There are 2 protein chains.
Amino acid sequence: MFIGDMNKKRKNAMARVWQAIEEHGGQTILSTGITGDDARLAKAAVDGGAKLLEPNHPALALARGYKGVTSMHDAENLRHEIDIADIAKATQGVRNVVGSEPFITVGVPGGFTELVPVELSDNEIKLLATHGADGMHTHKSNFTDLEEIVELAHKYGLTVDAYIGHPDDLHTFGIPAETPEEVAEVAKRMESIGVDMIGLMTGMSYEGVAAGEIPQIIKERLHALVSSVQVPTLAEGGINLENSKAFKNTGVQILVVGTSIDNVVQDAAKNVIKQFLEV
Amino acid sequence: MFIGDMNKKRKNAMARVWQAIEEHGGQTILSTGITGDDARLAKAAVDGGAKLLEPNHPALALARGYKGVTSMHDAENLRHEIDIADIAKATQGVRNVVGSEPFITVGVPGGFTELVPVELSDNEIKLLATHGADGMHTHKSNFTDLEEIVELAHKYGLTVDAYIGHPDDLHTFGIPAETPEEVAEVAKRMESIGVDMIGLMTGMSYEGVAAGEIPQIIKERLHALVSSVQVPTLAEGGINLENSKAFKNTGVQILVVGTSIDNVVQDAAKNVIKQFLEV
């Protein structure tokens with residue numbers, strides 16, 4: 001009794017994504033990390049112009065000091081233990097303060113490449129959809145699992161953004177594609193199964209690159225991605241204020257930015273405390 | 001079976017407060033707001049030198065976008081609806097990442113001047129004491145209520161920091177004292193009933209003061225406070241980087257800083273988003 005309604009919900013969400021891309025001249029950002037789950041900073045991000053937000057479970061592990069984790073890499077190891085009800089509540093809180101316009105895609109246990117059997121039930125997806133989420137930010141690494149997610153998400157009106165990785169990635173955040181040709185193939189297949197936005201993992205979180213630069217191979221892989229699909233495209237992994245400029249002419253429409261924002265915000269907090277103590 | 005243990009717990013906490021005051025040359029800060037409940041920013045504050053932290057319920061209302069509140073004044077109106085279990089969890093998360101040294105005092109529903117009958121049970125105080133809290137940050141406005149809190153808090157090994165206000169305060173955050181003489185009297189009586197730290201509400205959150213200055217009357221009230229008690233003293237309300245310098249020679253040992261830190265951190269988030277979108 002809500003199939004039509006949910007298709008409409010999803011179309012409305014995608015319209016807001018396209019509008020954000022257009023408003024920002026063809027390339028916008030998906031603001032995550034500390035701006036994805038803390039309502040005070042989600043509001044600040046939106047005040048700064050962000051139109052797309054992403055609360056997710058590893059960031060929530062950091063926010064809540066879960067088991068004492070203080071780095072994203074450590075958080076990734078126990079992210080699946082984060083309660084989806086807490087993620088839904090955080091999402092609702094962000095939605096409460098940013099209003100209905102910003103697009104919110106949410107990362108949850110079961111939606112990433114898992115190391116233990118983490119299931120996602122209908123009720124859990126429904127919980128996200130009724131707590132302000134527009135979409136699911138996923139990092140599945142094979143089509144069987146991804147198709148299941150797409151079906152569940154679409155049933156409850158949620159979009160799916162899914163990612164393409166590389167077989168040599170140290171940490172798996174997407175379906176592997178070795179060459180630019182394979183990137184294009186995987187992207188097309190993702191689009192054909194209904195993925196609403198397709199991203200490329202840059203791998204730059206783990207590999208050093210000259211300041212302000214992105215590797216030529218990433219540019220080639222991005223070109224393969226953007227030229228092979230009609231849905232919005234994303235780039236994720238190690239994007240910061242220096243190298244983000246290098247994405248300008250790649251055609252990719254959304255840069256996922258998290259850790260880089262966290263660093264700036266944490267430094268600001270640290271420095272203001274120092275200043276108070278210097279008085 | 002734990003009275004002696006809990007007295008020891010409380011003494012240990014106060015020793016850490018005195019140590020912080022000493023390390024910072026006689027005046028330190030109690031870092032609250034966004035650095036009180038978000039583990040990422042509590043860690044940043046401690047990395048910046050903060051030794052005293054304060055998670056509290058109105059800040060948590062803002063953190064979680066509770067009912068869409070985005071200003072501290074709005075948060076004060078519904079702070080009593082925040083679940084103490086959520087505050088305990090946030091406190092535990094902060095403790096997990098900052099370790100055992102920082103002193104953590106916690107604001108909870110029932111501990112402030114309430115507009116509806118909010119009770120604090122033994123189990124709730126115990127919850128705080130078992131989730132990393134060293135103390136209770138209170139804002140009771142009469143001695144009857146404050147004495148009850150002190151008894152409960154001490155039973156579970158928690159210190160109490162309590163505050164002195166002014167009868168004309170727009171918002172009540174302490175026991176009213178009109179003149180400096182009355183400030184001294186109230187402070188002495190607070191000390192005699194076992195309050196572990198005594199603060200003065202400056203009223204500066206609500207009244208405009210020239211940049212970098214604090215009113216002469218606040219200096220006189222602070223002098224009355226610091227010269228009449230042996231316990232550590234605090235000043236709270238509208239303290240920022242500009243006017244904090246004016247507290248230097250007042251003898252007050254702890255400046256409570258929240259909104260001013262939030263503003264800096266939120267501006268940092270807003271500005272970094274703007275920079276990404278300018279690329």
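Predicted model: local features only at pLDDT ≥ 70, side-chain atom pairs only at ≥ 80, totals over all residues.
Which elements of chain A cover the buried residues of α7(A)?

**Helix α7 of chain A**

Helix α7 spans residues 122-129 of chain A, and its buried residues are A:Ile125, A:Leu128 and A:Ala129. These residues lie on the same side of α7(A), because they cover an arc of only 100° around the axis. An α-helix has 3.6 residues a turn, so residues three or four places apart point the same way. The cover over the buried residues of α7(A) includes the helices α1 (3-23), α6 and α8 (143-155), together with the strands β3 (103-106) and β4 (135-137), of chain A.

**The interface between chains A and B**

The size of an interface is often given as the accessible area lost when the parts come together. Between chain A and chain B, the buried area is about 4,400 Å², and carbon and sulfur atoms give 72% of it. In terms of residues, 54 of chain A are in contact with 54 of chain B.

The two chains are joined by 4 salt bridges. One of these pairs A:Arg40 with B:Asp37, whose closest N and O atoms are 2.6 Å apart. Among the elements that give two or more residues to the side of chain A that touches chain B are β1 (28-31), α3 (39-47) and α11 (259-278). The largest share of that side, 14 residues, comes from α11(A).

The table divides the side of chain A that touches chain B by residue class.

| Class | Count on this side of chain A |
|---|---|
| Nonpolar | 25 residues |
| Polar | 16 residues |

Key
Residues numbered from 1 in each chain as written. Chains lettered and ligands numbered in written order. Heavy atoms only, no water. Contact = heavy atoms within 4.5 Å. Buried area = accessible area lost by both parts, 1.4 Å probe. Salt bridge = Lys/Arg side-chain N within 4 Å of Asp/Glu carboxyl O. Helix = DSSP H or I, 4+ residues; strand = E, 2+ residues; numbered from the N terminus. Nonpolar A, V, L, I, M, F, W, Y, C, P; charged D, E, K, R; others polar. Buried < 20%, exposed > 50% of the residue type's maximum accessible area, 1.4 Å probe, protein only. Arc of directions from axis to C-beta.
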